[in-house]
Amino acid sequence: MQIQSVNGTERWDRVKSKLREELGDDAYFNWFGRVILEENDGDIVRLSVPTRFLKHWIQSHYEEQLVGLWRHECRDINSIELTVRSALRPSKAKPKKLIPTNASPARAGYAHPGLPDAIRYPQVPIALGDADEETLIEFLKGAPTNPRNSFESFVEGDSNGLAFEAARKIAGGQNEALDLLYLHGAVGFGKTHLLHAVATEARSRGQNVCYLTAEYFMYHLVPALKSRSFQALKRILASIDVLLVDDMQFLHGKQAQADFSDTLLSLMQPVKHVIVAADRPPLQLETVESGLRDRLCDGLVVGLQPPDFALRRGILTRRLAAAKKLLPTFDIPKEVLDYVACHVTACGRDLEGAINRLYAHHQLTSQAITPYLADKILSDLVRSGEKRNIKIEEIQQVVCKHYSVSKAELLSACRSRNLVRPRQIAMYLSKVLTPRSLPEIGKRFGGRDHTTVLHAVRKIEAQSQTDTSLGQELALLKRLAHS
């Protein structure tokens with residue numbers, strides 16, 4: 001990570017905070033969770049992303065919004081330049097780094113937003129049909145993985161324990177019955193870290209591993225399977241022991257949907273173990289066909305939940321210990337670590353960002369980290385983690401968007417099945433997320449009686465105790481309502 005000027009860093013922090021407010025947590029972390037500020041030079045802002053896919057998507061959908069937010073911070077800004085980290089131009093001077101990559105600390109259960117080294121994808125021969133088998137085998141290893149994202153560097157807790165144990169058993173070949181594992185959770189919850197750990201461990205045991213990201217699949221694998229070496233590739237694919245598919249939610253469009261579903265289903269058939277990661281449960285993957293969704297539901301589906309206080313505290317402690325090895329004068333008092341763990345709750349990347357900010361400030365100013373100074377430096381992260389008062393209208397808006405119904409339909413007297421369930425869920429959330437009474441809630445739902453609201457609350461509450469998918473759905477809606 002390159003050191004930016006304090007002003008540039010602060011501006012970028014404010015831009016990210018505004019982006020998160022405007023886009024919501026899901027969209028923000030999907031598209032900007034791995035964007036890094038490289039340089040703020042004159043009228044140009046240079047940002048980097050880990051993949052070409054993210055670069056093209058941000059340029060197509062958010063470039064004007066980014067420029068507008070940066071101009072609000074600095075009127076001189078005229079353009080945003082996006083580069084892929086594995087293809088960054090060499091800088092004129094050797095960049096300083098807050099934490100050198102050759103002494104990078106354990107990532108505390110979460111992958112760094114991008115691979116810090118200039119790791120490139122395996123080169124695809126121009127005439128792939130003329131490639132020898134050794135080249136094809138190397139090509140089919142897939143996208144690069146970060147060996148520092150290991151099981152040893154993963155901090156395990158209640159929110160990710162099941163995912164950790166299942167991934168470790170697959171990597172060690174300890175459970176033949178567990179042939180398909182589906183991990184889902186928001187950005188920064190540790191999915192990619194676990195996939196990289198599986199790849200490293202399984203390869204160390206002599207297993208053939210293929211790690212596919214959305215970008216590698218679309219730009220490398222599908223075209224290769226349509227090349228002259230199709231039969232050779234298919235033969236080698238049949239020898240894969242572990243297939244890892246990351247960021248499935250990034251596959252958009254009808255062509256990607258058809259290619260991905262057909263190809264992945266064919267890849268999964270002979271493979272001993274498959275692990276798929278996405279930011280949502282398989283039933284909510286609208287970009288894959290029903291046959292693939294059903295196959296994904298057949299496996300072990302595990303949701304990674306937001307880190308609890310104990311896990312957040314563990315992440316901070318490990319990150320601090322690694323930073324102190326590089327700069328012995330850097331220390332964070334226990335009360336500050338507790339304060340950060342209590343208030344920075346979104347994801348592990350925010351926690352790592354908090355330590356990096358405190359580290360940078362101490363490195364540049366030599367000031368000791370006090371509770372007052374930490375509150376000042378981390379004010380936007382802390383404020384974003386605080387709970388806010390939620391209105392019933394906001395809950396209704398979230399539910400309507402999630403279930404693709406209008407507010408008029410939600411409040412109507414219509415009792416069709418596709419409206420009754422969202423209505424009952426909205427009433428339940430209004431009761432548990434707001435201080436409003438049952439009669440007040442009924443009034444906001446088309447003037448319904450309080451007994452109707454009570455019935456809805458009790459029904460959803462009872463069903464969520466036995467229906468795992470409903471419980472996960474409610475947890476997602478609560479996060480969306482808080483965002």
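S404 lies in the loop between helices α17 (392-403) and α18 (407-411), where helices (H or I, at least four residues) and strands (E, at least two) are DSSP runs numbered from the N terminus. The phi of S404 is near 55°, a positive value in a residue other than glycine. S404 is exposed, with a relative accessible area of 66%; exposed denotes over 50% relative accessible area, buried under 20% and partly exposed the range in between (1.4 Å probe, protein chains only).

The model is predicted, with local features requiring pLDDT of at least 70 and side-chain atom pairs pLDDT 80 or more, whereas totals for chains, interfaces and linings use all residues. Residues are numbered from 1 along each chain as its sequence is written, and side-chain values use heavy atoms, without hydrogens or water.

A positive phi, of about 55°, is also found at D247, which is not a glycine. This residue, D247, belongs to the loop between β6 (242-245) and α10 (254-268) and counts as buried at 10% relative accessibility.

An open sheet of mixed pairing is formed by 3 strands in the order β1-β2-β3, two strands being paired if DSSP finds at least two bridges between them. Its edge strands, β1 and β3 (79-84), each pair on one side only. Strands β1 (residues 36-41) and β2 (residues 44-49) run antiparallel and are joined by 5 bridges, with E39 opposite R46 in β2. In their hairpin, which has 2 residues between the strands, G42 adopts a positive phi near 65°. The pairing of β2 with β3 is parallel, over 6 bridges, and places V45 opposite I80 in β3.
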